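Keep the sequence and the coordinates open side by side.

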Amino acid sequence: MIGLGGLFGGALMWALGLQNNPSFFHTPRWLGLIALLVVSATELVRRSRPLIGLGVGTVALAVDILSGGLAATMLMYTDLVYAAVVYSGATAAQRVPRICWLLTGLVTVVPLAVYNDPLALLAGAFVGLLVVTPAWTGTVVRNHREEAQAARLETERVALLAELDRREAVASERSRMARELHDMVANHLSAIAIHSSAALSLKDPAATDEALGVIRENSVRGLAEMRRLIGLLRDPGETSEPAATSTLDALDTLLEQARANARPGGQDIVLCDERPDGAAPLPAPVELAAYRIVQESLTNALKHAAPGRVDVTLAHRADGPLEVSVISPYGDRDGPRAPGSGTGLIGMRERVSLLGGTLDAGPVPGPGGTVWQVRAALPLGDESAQSLSAQRVP
């Protein structure tokens, strides 16, 4: 549109003889019309080939000036200078304004030195208006566009980081809920599965009644734990952790419950607490992790261990980690066996990893044969406690 409008306007001015100056070099007037056509054609490549358009347009402008000069040709040339700054590469966009300033300075100084006439300064002002003004305008527009593009990229980057944080938070919360749900109900459901299988296989009414009693007790406890967890999930204002009261002080109660859930003639659970008396209280995340590890280890022992003694050991030496060890008989056993999914070991490893500790679980040689050992070392440093608090581990 610019080229077409300039072409028709310039052609009309040329036809009416409205040229800027008479031709000092006695060049034919029709050269101005040729220059007009060339500059109009370069407007077609002002975006795709701005530097080529500027170069060709500069030659055409020189011819136009020699032939008298048309205002339409000069106006279209200013647009070529503007396009060269806005649409060319970064290097060219910096060099074109400098060349325009240099050209303006030369046109200002040289005629003044040659003619020694203040009116020669008008030539510099004219050239500055012709090339410096559009170059400066193009620089302002280009800088504004680059800043807008940078702002859009920064907005997209922030939005991407926010989405990644949201996904990480959702995944962390889902993992936390999975661990909490497993720890709350797995023990009760395992006892129900074991004793219900025993009740179905045994023909002794007394043993059946005992199994049904254990089933009822664990089902009631499991339902209570489930209701408490559901209540916490439904209440957005609840800030307490679902199992904040599960500490090592409640370990005796946990062992008594495990003994009650064990099959008659099955596992004999023994606690050996080697922690020194009067020791400083342990960090809450460490106590909670230790409690959950013992709980899950006992659940696995009730489901899979052979009859025999199950040793639960707690040890804490000065400036050292809290050591938790659960050793149970390893081997085949008669009677019902509850199915396992392996999520318990995964949950234990996640808890220990968040604390920066270590966990080993597997068969090892023992005094009376092969045993299954779960051994965890839980550091007591502030860094591990802060890390766990940040992750909101139950």
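Glu43, Arg46 and Asp79 are linked in a network of salt bridges. The model that shows this is a predicted one. Arg47 sits in the loop between helix 2 (30-42) and helix 3 (50-66). Its relative accessibility is 55%, so Arg47 counts as exposed, the cut-off being over 50%. Arg47 and Leu80 are 33 residues apart in sequence, yet their C-alpha atoms are 9.4 Å apart in space. Leu80 also belongs to a nonpolar core, to which we return below.

Now take the charged pairs across the whole structure. How many salt bridges does a search of the whole structure find? The search finds 11. Side chains of opposite charge can pair when their charged atoms come close.

One of these pairs is local. Glu163 forms a salt bridge with Arg166, and the closest N and O atoms are 2.8 Å apart. Both residues lie in helix 6 (residues 121-201). They are three residues apart there, so about one helical turn separates them. Glu163 is partly exposed, at 25% relative accessibility. Arg166 is also partly exposed, at 46%.

A second pair joins Arg309 and Asp311. Here the closest N and O atoms are 2.5 Å apart. Asp311 has a relative accessible area of 24% and is partly exposed.

A third pair spans a longer stretch of sequence. The side chains of Arg375 and Glu323 meet in a salt bridge, with 3.5 Å from N to O. Which parts does this pair tie together? Arg375 lies in strand 5 (residues 369-378) and Glu323 in strand 3 (residues 322-329), so the bridge ties together parts that are 52 residues apart in sequence. Arg375 is partly exposed at 32% relative accessibility. Glu323 is partly exposed too, at 24%.

Step back to the whole chain. The secondary structure comes to 11 helices and five strands. The protein chain has 394 residues, and 38% of them count as buried. Its accessible surface is about 22100 Å², and 63% of that belongs to carbon and sulfur atoms. Consider the contacts with a separation of 6 or more: residues 24 or more positions apart account for 75% of them.

Next, the interior. In soluble globular proteins, nonpolar side chains tend to be buried together. The largest nonpolar core in this model has 31 residues. Those with the most contacts inside it are Leu251, Ile293, Val294, Leu298, Leu322 and Leu378. Helix 9 provides its largest share, nine residues. A second, separate core has 22 residues. Among them are Leu36, Leu80, Cys100 and Val131.

Not counting residues up to four places away in sequence, Leu251 touches Leu271, Tyr291, Val294 and Leu314. Two packed helices are described by the angle between their axes and the distance between the axes. For helix 8 and helix 9 the angle is about 10° and the axes are 11 Å apart. The two helices are therefore roughly parallel to each other.

Ser328 is in strand 3. Is Ser328 buried or exposed? Its relative accessible area is 7%, so Ser328 is buried. Beyond neighbours up to four places away in sequence, Ser328 touches Ala301, Ala305, Arg309, Val310, Val371 and Trp372. Arg309 is the partner of Asp311 in the salt bridge described above.

Ala377 belongs to strand 5. Ala377 counts as buried, at 13% relative accessibility. Leaving aside neighbours within four places in sequence, Ala377 is in contact with Pro321, Leu322, Val352, Gly357 and Thr358. Leu322 is one of the core residues with the most contacts. Ala377 and Gly320 are 57 residues apart in sequence, and 9.0 Å apart in space from C-alpha to C-alpha.

Notes
Residues are numbered from 1 along each chain as its sequence is written. This is a predicted model: local features need pLDDT of at least 70, side-chain atom pairs count only at pLDDT 80 or more; totals for chains, interfaces and linings use all residues. Side-chain values use heavy atoms; hydrogens and water are left out. A salt bridge is a side-chain nitrogen of Lys or Arg within 4 Å of a carboxyl oxygen of Asp or Glu. Helices (H or I, at least four residues) and strands (E, at least two) are DSSP runs, numbered from the N terminus. Buried means under 20% relative accessible area, exposed over 50%, partly exposed in between (1.4 Å probe, protein chains only). Contact means heavy atoms within 4.5 Å. Accessible areas come from the Shrake-Rupley method with a 1.4 Å probe; for residues, only the protein chains shown count as cover. A nonpolar core is a set of buried Ala, Val, Leu, Ile, Met, Phe, Trp, Tyr and Cys residues joined through side-chain atoms within 4.5 Å. Axes are lines fitted to C-alpha atoms, for helices over the stretch in contact, and angles run from 0 to 180 degrees between N-to-C directions. Angles under 35 degrees count as roughly parallel, over 145 as roughly antiparallel, 65 to 115 as roughly perpendicular and the rest as oblique.
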